[in-house]
Amino acid sequence: MVARLAGGVALLGGLVLLAAALLTVVSVLLRWLTGQPVRGDFELVSIGAGLAVLCTLAHGSATRANILVDTFTQWLPRRATGALDAFWTLAWAVVLLVIAERMAQGAYETWANNMRTIGLLALPFWWAVGVGALCFALAGVISLVWLPRLFRGER
Amino acid sequence: MAPEFALAATGFAALMGLIVLRAPIALALLLVGAAGYVHVLDAAALMNYLKTTPYHLFANYTLSIIPVFILMGALAERGGLARDLFAAANALLGRRPGGLAMSVIGASAAFGAVCGSSVATTATFGRAALPELLRHGTAPGFATGTIAAGGTLGILIPPSVILVVYAISTEQNVAKLFMAALIPGLLATLSYLAVIWLRMRLNPGLGPPAPPLDAAERRAAFRRVVPVLGIAVLVVGGLYGGVFTPTESAAVGCIAVLAVGLARRSLPVREIRAAILAAAETTAMIFAILLGAEIFNAFLALTQAPDLLGLWVSEQGFAPYAVLAVLLLAYLVLGAVMDELAMILLTLPIFFPVVTALDFGMTTEETAIWFGILVLVVVGIGLTSPPIGLNVFVISAIARNVPILDTYRGVLPYVGADLVRLLLCVAFPGLSLWLVRLLT
Amino acid sequence: QEVTLRLHHFLPAVSNVHRHFLQPWAQKVQQESNNRIRIQIFPAMQLGGAPPQLYDQARDGVADIIWTLPGNTPGRFPSIEVIELPFVAHKRASVNARVVQQLHDEVFASEFQDTRILCAWAHDAGVIHARRAVNRMEDMAGLKLRFPTRQAGEALRALGAAPIGMPIPQVPEALAQGVIDGAVVPWEVVPAIRLHETLRNHTQFAGSPTFYTASFVLAMNRAKYDALPADLRAVVDANSGQAAATMAARVWDEQGPSVETMVRRRPNNSIVELDEAETRRWATATQPVIDAWVRAMGERNIQGGALLERARALIAQYGQGVA
Ligand code: NA
Ligand code: NA
């Protein structure tokens with residue numbers, strides 16, 4: 001269930017990324033035709049791509065898309081490597097949840113300090129930091145969901 | 001040893017320890033970086049650092065090129081563009097001995113112009129070409145080894161995620177690095193073709209030619225490949241011609257691939273979904289490592305070891321090429337046992353100041369670009385060399401009944417060609433810099 | 001008791017500001033404290049993060065001292081923007097620095113109260129560097145120019161240009177790829193980004209007030225400052241305020257003219273100085289930017305009009321006789 005939610009979020013992120021790419025193309029065309037790019041394209045693409053990347057994190061946790069080196073632990077019994085993997089997954093979940101809490105605080109301060117993007121639009125971006133906090137939190141929860149399966153030796 | 005170096009060395013040792021114990025690389029970087037950060041400053045500083053750093057790292061205009069290139073590659077694969085490339089290469093090269101293997105190399109090189117990742121290129125041809133090769137009797141290890149080597153063309157031919165990361169961590173111009181990579185990339189393609197030709201001379205049984213095509217089939221194959229070649233020309237030409245910035249070229253390429261797929265009806269919603277999800281997995285993996293490296297490198301900077309080492313090396317009066325040789329050797333060793341992205345993110349803060357402090361008889365910028373290409377070549381070698389060659393892992397995951405040792409054996413001659421190319425690129429910086437000087 | 005302070009900023013170690021202000025300033029503090037204060041400088045965002053985060057890094061103690069542009073965090077420090085409005089600033093950094101530091105002490109210190117501002121200043125006259133010649137206002141139409149602060153961006157818009165905001169380090173790449181036709185920056189930073197090689201036409205303005213300037217602050221973590229023993233705090237104080245602002249301004253006033261001379265000697269570069277009548281046309285065209293700013297300040301309960309008047313009075317006072 002949570003994994004499907006992560007897939008949905010990743011799809012949403014992909015659409016945001018495509019929208020940012022489309023905006024860039026429109027801006028290039030406009031610059032070529034009229035000499036004026038889309039107002040604030042730089043800021044919009046930065047935020048859009050940032051959101052898209054944040055949206056992939058939970059899906060990455062759900063598919064366990066991380067690079068690890070198993071060359072040195074291949075001789076261990078399956079249960080032992082399973083326990084190691086479970087331990088690191090727990091650590092990863094804790095890290096993700098800590099970052100989520102920190103980003104929530106960051107979102108609040110970005111809002112309280114009235115922080116805006118550099119550029120003509122001067123967009124407030126506290127909400128994007130907040131979305132990031134949610135994405136990290138979801139990724140952390142999904143890693144926790146993996147724990148019991150890893151202990152049972154599933155991969 | 002100065003305390004700065006002791007601290008940095010402890011950090012590296014701890015990092016290696018965690019990696020040996022199966023910690024995911026992104027997590028190992030984060031944990032050791034965070035611990036070091038707290039050791040030099042304090043926990044409160046780390047907690048404050050984490051408030052907005054991940055957001056600003058991810059919402060960085062220059063980095064936005066990476067997810068877009070990855071999505072472009074995924075859409076190109078799902079839209080059948082890789083299969084079209086393979087078919088066209090086959091129509092061109094297939095009839096000679098080893099023709100199918102040569103077609104993989106040719107198609108991988110062309111695919112490299114619309115895809116920035118070697119893992120994605122390997123996976124793509126693992127699905128699009130491997131069944132074809134095996135069905136027509138190519139030796140399994142030769143087939144998988146060729147696809148793994150061809151996969152490195154995904155980064156050796158620009159655009160290249162590794163070069164984007166290099167450009168960002170060393171503050172160099174991405175477009176110039178892409179220009180510098182072109183001739184060495186083409187050289188890699190030719191050398192891989194030469195490896196196949198040579199192996200066919202020695203053992204023709206390894207790779208029988210493809211079944212012959214009639215003229216109409218050949219024409220059809222060439223016709224279908226026009227759009228993807230057009231996109232490659234648009235992306236690379238627009239970038240080199242100064243029409244687009246690198247970020248813009250990625251966006252234009254991504255939208256063009258999508259448009260071609262939609263127009264041909266080869267990209268139904270189901271395939272677009274699959275492409276986005278596949279791209280999301282790779283993107284999450286890369287950015288997790290980028291975040292870990294950001295924190296680890298902040299810790300490294302706090303120790304001041306990188307600057308001091310650069311200063312120390314430049315004061316010793318070592319011969320520049322001797323230092324370069326040591327660094328490249330270190331990369332070959334590290335590349336054999338480590339993830340390549342993490343490798344360059346970790347080493348550049350230390351190696352880059354050292355290299356740019358040396359006098360190779362060119363400007364600092366040229367030295368930086370040239371070194372970037374050398375790093376790219378060694379990364380390519382690392383991706384295919386045992387015990388940890390990511391491309392070999394990827395193809396082994398697809399070809400489950402080909403023993404991984406056979407794949408390593410199949411890839412070895414290509415690694416030999418890589419080493420020769422590395423020497424050539426070191427000896428003749430012009431291979432990397434000529435096009436840059438011409439176009440800027 | 002010894003104290004180590006980490007100073008974090010965004011320009012590379014080869015930049016004028018790093019070599020001619022931050023390093024000498026740090027050395028001065030170190031010497032006057034008999035080496036009891038050590039200042040480690042981390043250039044080029046080495047400690048991580050992006051330039052807009054620098055101020056918060058000082059506030060939160062991620063770094064002890066930071067150098068930043070309030071323009072990196074638009075809207076957060078509204079009052080200091082008064083000096084960045086079109087045709088308000090003096091052409092010399094020494095004057096602008098005194099004005100900004102004094103306005104900070106008198107008027108808007110409260111906007112920066114979550115750090116200890118060691119000094120606040122602004123650079124000298126900004127210059128338009130472009131691919132094609134800008135001899136009159138009409139030449140600005142459609143010109144894609146990189147702008148440094150939001151107010152300068154609005155001014156460029158009002159003049160008909162197509163302004164694009166980006167940090168300084170991205171300018172050479174954007175120029176090479178035709179994303180921009182030029183940039184507005186002071187002379188001081190021209191060699192660092194090799195603008196004199198890529199752009200041949202340079203347009204500056206007669207006298208003062210000049211087209212624009214950008215403001216800067218050197219900010220210190222408050223707790224770290226408060227925790228200094230009294231004698232060390234006195235050393236930092238002696239290297240703060242007007243004394244430090246003046247020292248900073250010297251980088252622009254000394255490097256600027258020598259860069260200008262160097263560019264003037266190059267055979268293919270041309271420097272145009274707009275006369276007073278033409279400059280007045282530009283000032284008139286950009287007046288709406290000032291009006292809009294005063295209105296926006298009003299919405300935030302800041303007396304923009306009074307602040308502007310005070311700024312202009314101080315510039316007139318300190319600028320008297322400064323050519
Ligand atoms: Na590529
Ligand atoms: Na390897």
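Student: What makes S4(C) and S10(C) count as paired strands?

Tutor: S4(C) and S10(C) run antiparallel and are joined by 6 bridges. Two strands pair when DSSP finds at least two bridges between them, so these two qualify. One of the bridges sets Arg116(C) against Met220(C) in S10(C). A strand here is a DSSP run of at least two residues (E), a helix one of at least four (H or I), both numbered from the N terminus.

Student: Where do these coordinates and labels come from?

Tutor: This is a predicted model: local features need pLDDT of at least 70 and side-chain atom pairs count only at pLDDT 80 or more, while totals for chains, interfaces and linings use all residues. Residues are numbered from 1 along each chain as its sequence is written, chains are lettered from A and ligands numbered from 1 in the order written, and side-chain values use heavy atoms, without hydrogens or water.

Student: How do you know that S4(C) is an edge strand?

Tutor: The open sheet has 5 strands in the order S2-S1-S3-S10-S4 of chain C, with mixed pairing. Strand S2 (37–42) and strand S4 (116–122) each pair on one side only, which makes them the edges. Further in, S3 (65–68) and S10 (215–220) of chain C pair in the antiparallel sense over 4 bridges, and Ile65(C) stands opposite Met220(C).

Student: Is S4(C) largely enclosed or largely open?

Tutor: Largely enclosed by the rest of the structure, because 6 of its 7 residues are buried. Buried means under 20% relative accessible area, exposed over 50%, and partly exposed in between (1.4 Å probe, protein chains only).

Student: Why is the contact of Arg59(C) with Glu109(A) called a salt bridge?

Tutor: Their closest N and O atoms are 2.4 Å apart. The rule asks for a side-chain nitrogen of Lys or Arg within 4 Å of a carboxyl oxygen of Asp or Glu, so the pair passes. Arg59(C) lies in helix H2 (54–60) of chain C and Glu109(A) in helix H3 of chain A, so the pair joins two chains. Both residues are buried.

Student: What makes Lys176(B) buried, and how does Glu365(B) count?

Tutor: Lys176(B) has a relative accessible area of 15%, so it is buried; Glu365(B), at 33%, counts as partly exposed. Their closest N and O atoms are 3.0 Å apart, in another salt bridge. Lys176(B) is in helix H11 (174–202) of chain B and Glu365(B) in helix H18 (364–384) of chain B, so the pair ties together parts 189 residues apart in sequence.
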